[in-house]
Amino acid sequence: MQDSYIWISTIGAAIMAILAIFIRLKATKKPASVKKIILPPVFMSTGFFMFLYEPARPDFLQVVEALAVGMFFSIFLIKMSKFEIRANRIYLKRSKAFAFLLIGLLLVRILFKVIIGDAIDVEELAGMFFLLAYGMILPWRIAMFFRFKKVEKQLETKPKSKWVVPVQT
């Protein structure tokens, strides 16, 4: 039964990675905003409710380990997330490497699951992977916020262009 949980969660993770790639590529077509940067980790934080279910709670050392791995992976996301000014608006630069990074992270996650999946209960493993993901997204989004604010200051000091791009709704 535990093997089926591992397969189902792996397929779910693959689907989520593919969705994240498409969402990220679509996001580069619309102007960035503070709200779009801050809200994903806020919404994701509701996942901490899983720890109310006792079997999903990892040990302290596992929590530290998962958060540390997530923070390590966030370095790659931070390095690939850059902003640019186009038509007096701030956009996230499209990165071809981002899709490969997400696929690589998925493969690493699957490898971790195969290696430690038998040693750790499925619920506890789910908690660890949630912490890993949160440990990755939070520093990444904080870094994006500060970069966005820096580019926003540049935009405020830069003379406004008369060229206007129609806004899509």
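**Exercise 1. Describe how helix 4 and helix 5 are placed against each other in this predicted model, and state which residues bring them together.**

Solution. Begin with the geometry: the axes of helix 4 and helix 5 cross at roughly 155° and come within 12 Å. Then look for the residues that touch: helix 4 contributes Phe 98, Leu 105, Arg 109, Phe 112, Lys 113 and Ile 116, while helix 5 contributes Leu 125, Phe 129, Leu 132, Met 136 and Trp 140. Finally, sort these residues by class, which gives 9 nonpolar, no polar and 2 charged.

**Exercise 2. Work out what orientation helix 2 has relative to helix 5, and sort the residues of their contact by class.**

Solution. Helix 2 covers residues 34-44 and helix 5 covers residues 122-157, and their axes come within 9 Å and cross at roughly 165°. Because this angle is over 145 degrees, helix 2 is roughly antiparallel to helix 5. The hand of the crossing is left-handed. On the side of helix 2 the contact includes Val 34, Ile 37, Pro 40, Pro 41 and Met 44, and on the side of helix 5 it includes Phe 130, Tyr 134, Ile 137, Arg 141, Phe 145 and Lys 149. Sorted by class, the contact of helix 2 with helix 5 holds 14 nonpolar, no polar and 3 charged residues.

**Exercise 3. Decide which word describes the orientation of helix 3 and helix 5, and list residues from both sides of their contact.**

Solution. Take the angle first: helix 3 and helix 5 pack at about 40°, and their axes lie 7 Å apart. Roughly parallel would require an angle under 35 degrees, and roughly perpendicular would require 65 to 115, so helix 3 and helix 5 are oblique to each other. Helix 3 passes helix 5 in a right-handed crossing. Among the residues of helix 3 in this contact are Gln 62, Glu 65, Gly 70, Phe 73 and Leu 77, and among those of helix 5 are Glu 124, Leu 131, Gly 135, Trp 140 and Arg 147. The classes in the contact of helix 3 with helix 5 are 15 nonpolar, 4 polar and 3 charged.

**Exercise 4. Describe the largest pocket by its volume, its lining and the helices that supply that lining.**

Solution. The volume comes first, and the largest pocket holds about 1,500 Å³ of space. Its lining consists of 48 residues, and those nearest the centre are Met 16, Ala 20, Leu 102, Ile 137 and Trp 140. The elements giving two or more residues to this lining are helix 1 (2-27), helix 2, helix 3 (60-80), helix 4 (96-116) and helix 5. Helix 1 gives the most, with 13 residues. By class, the lining of the largest pocket divides into 36 nonpolar, 5 polar and 7 charged residues.

**Exercise 5. State how many cavities of 30 Å³ or more are counted, and describe the lining of the largest cavity.**

Solution. The count comes to 1 cavity of 30 Å³ or more, and the volume of the largest cavity is about 30 Å³. Its lining is formed by Arg 24, Leu 25, Thr 28, Lys 93, Arg 94, Ser 95 and Phe 98. Sorting these lining residues gives 2 nonpolar, 2 polar and 3 charged.

Key. Residues numbered from 1 in each chain as written. Predicted model: local features only at pLDDT ≥ 70, side-chain atom pairs only at ≥ 80, totals over all residues. Heavy atoms only, no water. 1 Å grid on protein atoms, 1.4 Å probe; cavity = no way out; pocket = protein on both sides within 12 Å on 5 of 7 lines; lining within 4 Å. Points joined across faces, edges and corners; volume = space filled by probe spheres on them. Nonpolar A, V, L, I, M, F, W, Y, C, P; charged D, E, K, R; others polar. Axes fitted to C-alpha atoms, helices over the stretch in contact; angles between N-to-C directions. Helix = DSSP H or I, 4+ residues; strand = E, 2+ residues; numbered from the N terminus. Left-handed = near helix turned anticlockwise from the far one by under 90°. Contact = heavy atoms within 4.5 Å.
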